[in-house]
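User: Hello! I am new to this structure and would like to know what stands behind the terms used for it. Could you take me through them?

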Amino acid sequence: MQRITLTEYLARNAGEAALADLIECIASACWSISNLVNVSALAGHQGSTDEINPHGEVQKPLDILADEVFVRSCSANANLSALISEEVEEITWVNPAQTGAYVLAYDPLDGSSNLDVDLSVGSIFAVSKLRSDSAEDVLPNGRNLLCSGYAIYGPSTMLVLTFGDQVDGFTLDDSTDSFVLTHPNMKVPQQACEFAINVSRQRHWDETIQSYVSDCLKGAVGPRQKAFNMRWTASMVADVHRILIRGGVFLYPIDAENAAAGGKLRLLYEAMPMAMIVEAGGGGATDGRIPLIDVVATTPHQRTSVILGAREEIDLIRAAYS
Ligand code: P6P
């Protein structure tokens, strides 16, 4: 396969030079975070801090450092107006609100509870444009996202991107410190034989999820007439990446325990970017009722039910809900 770097790829596919520049800034942030993750135990960056994030979760040292890396790397982009970070309550304005300027919603280090046990973690991001000069218009609309992507910090560091029509994966080449196209045109297999859900929450699920998972567990003699495997890594990036590589379905539904908060996962910097990616890869993504990219954001840290992956599974679950 011809060696195509991220820079060469962006020159052909990003459309606007300013967008290509912002994605290069994001890639640079992910490269820095990859290095921080690799040496976290050596640098004393494991364990927890005394800080609490906007969701009442105890912050890991690298949650804070990764957010600082994103701000430092991306604020240099003159076309960027606002940052919406999982780790910061308020929206950060790095330039005045102006029509056409970029808004970056991101989770700087997703799944950080996996850091101390050396499992894969990641960063998730979505780029949109301000629709007016009004700061009130800052919350992205899923149908207008310009670019979504994630970095996964695992045995290799990868950057996976979409502009909406296809999904392309890049692997960090440590010998040149550049991202190289290794997974062009990633597709979610239409049929699944693997589901990802935190089964310890089973007693809180609604009837639809209870019966969906129960039918999967009945295997070849059950209504699905095939055996299912199960995976749960407690790192959305790792679960979604696996689904893009070998298929499956990921579920973090709203349930009786998290319903008051609106669910567990956050819309703007977890659900929506992953929904754009999975849909661009031929899969589906829903909150159970409507496509996730149609869920309207009213607050920066809004939560949602997330069900995404193989198109066949999503259609089945949506039909069951309706
Ligand atoms: P639980 C990580 O904290 C995260 O936001 C996602 O990456 C992951 O899918 C989920 O929460 C894990 O949640 O309840 O299984 O710990």
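This is a predicted model: local features need pLDDT of at least 70, side-chain atom pairs count only at pLDDT 80 or more; totals for chains, interfaces and linings use all residues.

User: What makes the largest pocket a pocket, and how much space lies in it?

Analyst: Rolling a probe the size of a water molecule over the atoms shows where empty space is left. On a 1 Å grid over the protein atoms alone, a cavity is a set of points where a 1.4 Å probe fits but cannot get out, whereas a pocket is an open set with protein on both sides within 12 Å along at least five of seven lines. Grid points are joined across faces, edges and corners, and the volume is the space filled by probe spheres set on the points.

User: Which residues count as its lining?

Analyst: A lining residue has an atom within 4 Å of a point. The largest pocket has 25 of them, and Gly111, Ser113, Ala234, Lys264 and Arg266 lie nearest its centre. Helices (H or I, at least four residues) and strands (E, at least two) are DSSP runs, numbered from the N terminus. β3 (102-110), α5 (236-246), β11 (249-252) and β12 (265-266) each supply at least two lining residues, and β3 gives the largest share, three residues.

User: Why is the largest pocket said to lie between the domains?

Analyst: Domain 1 (6-183) and domain 2 (194-321) both give residues to its lining, so the largest pocket lies between them.

User: How many of the lining residues are nonpolar, polar or charged?

Analyst: Ala, Val, Leu, Ile, Met, Phe, Trp, Tyr, Cys and Pro count as nonpolar, Asp, Glu, Lys and Arg as charged, and the others, Gly among them, as polar. The lining of the largest pocket therefore divides into eight nonpolar, six polar and 11 charged residues. The second largest pocket holds about 230 Å³ of space. Of the 14 residues lining the second largest pocket, Val37, Asn38, Leu115, Asp118 and Leu119 are closest to its centre.

User: Why is Trp205 called buried, while Ala234 is called partly exposed?

Analyst: Buried means under 20% relative accessible area, exposed over 50%, and partly exposed in between (1.4 Å probe, protein chains only). Trp205 has 7%, so it is buried. Ala234 has 40%, so it is partly exposed. Trp205 sits in the loop between β9 (194-196) and α4 (207-217), and its contacts include Ile197, Val213 and Pro253. Arg201 is in the loop between β9 and α4, and at 14% it also counts as buried.

User: What makes the phi of Ala234 worth a remark?

Analyst: Most residues other than glycine have a negative phi. Ala234 has a positive phi of about 55° although it is not a glycine. Asp177 has a positive phi too, near 55°, and lies in the loop between β7 (167-173) and β8 (178-183).

User: What makes a nonpolar core, and where does the largest one lie?

Analyst: A nonpolar core is a set of buried Ala, Val, Leu, Ile, Met, Phe, Trp, Tyr and Cys residues joined through side-chain atoms within 4.5 Å. The largest has 46 residues, and Tyr150, Met236, Phe250, Leu268, Met274 and Leu308 have the most contacts inside it. Helix α6 (residues 267-280) gives the largest share of this core, 11 residues. As for α6, 13 of its 14 residues are buried, so it is mostly covered.

Notes. Residues are numbered from 1 along each chain as its sequence is written. Side-chain values use heavy atoms; hydrogens and water are left out. Domain bounds come from an automatic or database domain assignment. Contact means heavy atoms within 4.5 Å. Lists of a residue's contacts leave out its neighbours within four places in sequence.
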